[in-house]
Amino acid sequence: MRSSESTQPPKATPPGGKALPPRSTDRSAIQVDRLSKTFRSGFLRRSIPALTEVSFSVPEGCIFGLVGPNGAGKTTTIKILLGLIKATSGSATLGGQRVPSTRSRARVGYLPENPSFYDHLQAREYLAFVGRLFGMSRRQCASQADRLLDYVGLGEHAGKPIRKFSKGMIQRLGIAQALVHDPHIVILDEPQSGLDPLGRKEVKEMILGLKSRGRTVLFSSHILPDVEDLADEIAFLHRGRFLPFDSPLTKANPKVLQWQLEVSDLPVPLEEILDQPPLRTASQEDRLLLTFDGSLDASTAVARLVAAGACIHKVISHTESLEDLFVREIQAEEGPKT
Amino acid sequence: MIAAAFRQLVPLGSIAFNTYREAARSKILYSILFFALFLILFSAVMGEVSLYQNERIIKDIGLFALSTFGALMAVFLGASFVYKEIERKSIYNIVSKPIHRWQYFIGKFFGIVATLLVQLVLMLIALLAVLWLWLGALPWVLLPAFVLICVEVCLVTTIALFFSSFSTPYLSGFLTIGTYVAGRSSYMIQQLASRVESEGLRFLLDLADRLLPALYIFDVSTEVTYNLPIPTTFLLQAAAYGLCYAAILLFLGSVIFSRRDFT
Ligand SMILES: Nc1ncnc2c1ncn2[C@@H]1O[C@H](COP(=O)(O)OP(=O)(O)OP(=O)(O)O)[C@@H](O)[C@H]1O
Ligand SMILES: [Mg+2]
């Protein structure tokens, strides 16, 4: 559940790169059309369907969140986009270029899931190497490498061999290398995995910063509150299919699960004021915390309490969060657990 | 046109350079190199013991060390380097860049070959130094022999890379060593084929002889031992044969590699 409170505006912007000129939003940066993938596994070539007819499109300048349980097919989708895996059927484009092709990857930054780099190269050398693969000049590579290492907080480890990096430091290096050529489309497979709380927050800010400069971001994540905060659109994968699901998150009119009222100075017992008793009542010093079912009309309850002379300190609505939705959808799909 | 071709070489070159850098900084190779240098020194001691034969023994053992250890390192690096990258997933972040798979594959080849050539040159310097310091002799016949060893090492690297484009490192290491041994002795297959009765068997042996790399042509130890001249035309022909064979295998390996899924 999420309480209806804050999200913070983006602060940091990644180094380098001007904002892209605004484009008509009907152009899609990423287009996926009826993509399917069946893996062949083992000696008998047993077929394992990992993706079934998945279609979606991400408009330019949009943040797109890919969620779903383990093994849902998120990484498979992303790997097909980057040409690491060939789709069994269906097609996809990146920036209007068909996948897989070198052109489709030219303006794309990619952070693999659990990235791994070369043990004996230094962080700075690795970033410069990646820049060269994108066709950047040596000088550009060197200056971008240093700036990005500072940006992801690895400035003082620039000359260290990657073998001596911690898990979170490797993840940070992975983020830096995804941004080295100032890409138009950024694809991040679980960008927050392995990061400390500060790092997670920095990743959120980075994603919002990319959006504010007109970049398109597609990311997968298991940290649902963050997906909810960040994503303009969310797709929900389960066993290789998209679950039909109230996108975009019913943000305008979310389902209310529970109400909470914080009151004091009740002149008479509660039962005499309200027809329906609260689900729970908790007292805190002189105040009462009343929890009601979401289906109950809150304004009537508040009006009656005020009329009776009670003092109301807080009204909190708990709307259904992505996490609740996630659990509900999965349980509905898999049937109730015994 | 030329500029476009050059642009294709930039990523290939930086993959090769970083492969070399990665290999040169890892310690595994030094143990093999150390062992080869030890063998060269040992040959010098052996030469002292067997009177009047010093130069021959040092040359024989030294050249044997060069070609055997060169081939071993080629098998080791060729069979394990690409596979290790797939296993450790560091390849995901390279082939997902705007490069072709063949650029990666051939870049790896050049990186490995550069590493091996540096090791071979170090061994050659050690061998010449031993010969010169011990005996004051500099047998120049070693140089063409060295060139042939370098070509052979290139070829063995591509064989290992070719096998590793579709199989595991142990299997490709095994297959490469098998091919190396068979290729070194494939003149015997020829002789065998001329003697067998059965048509089918002869056909098979003939086919094997044609397909296997004729690695025995790179072995000029007899000429080196007896200080016989190695004709330049032979040298050029052998080198051309080796490099063409390697190019074909690199091409096939790249094609297979391009079709792989990285999961
Ligand atoms: N090489 C493979 N051979 C056979 N099946 C595979 C292979 N790779 C993935 N799969 C299957 O494909 C399905 C999707 O996997 P994928 O890695 O895309 O999941 P995911 O959504 O990224 O999960 P996670 O949240 O755990 O990262 C899984 O059921 C997995 O078992
Ligand atoms: Mg995944």
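Which residue in β8(A) does G109(A) stand opposite?

Reply: G109(A) stands opposite V186(A) in β8(A). The model is predicted, so local features need pLDDT of at least 70 and side-chain atom pairs 80 or more, while totals for chains, interfaces and linings use all residues. Residues count from 1 along each chain as written, chains are lettered from A and ligands numbered from 1 in written order, and side-chain values use heavy atoms, without hydrogens or water.

β7(A), residues 108–111, and β8(A), residues 185–189, run parallel and are joined by 4 bridges; strands are DSSP E runs of at least two residues, and pairing takes at least two bridges. From β7(A), V108(A) and Y110(A) point one way, G109(A) and L111(A) the other. In a regular strand, side chains alternate between the two faces of the sheet. All four residues of β7(A) are buried (under 20% relative accessible area, 1.4 Å probe, protein chains only).

Elsewhere, ligand 1 lies between chains A and B. Its shell (residues with a heavy atom within 4 Å) has 15 residues, and G71(A), K74(A), T75(A), T76(A) and E113(A) come nearest. The largest share, 3 residues, comes from α1(A), a helix (DSSP H or I, at least four residues) spanning 74–81. β3 of chain A, 46–59, also supplies at least two.

Oxygen atoms of ligand 1 make polar contacts (N or O pairs within 3.5 Å): 2.9 Å to the side chain of N70(A), 2.9 Å to the backbone of G73(A) and 2.6 Å to the side chain of T75(A). Taken alone, ligand 1 exposes 640 Å², of which the protein buries 70% (Shrake-Rupley, 1.4 Å probe).

Methods: Polar contact = N/O pair within 3.5 Å; in protein donor to acceptor, adjacent residues only side chain to side chain. Buried < 20%, exposed > 50% of the residue type's maximum accessible area, 1.4 Å probe, protein only.
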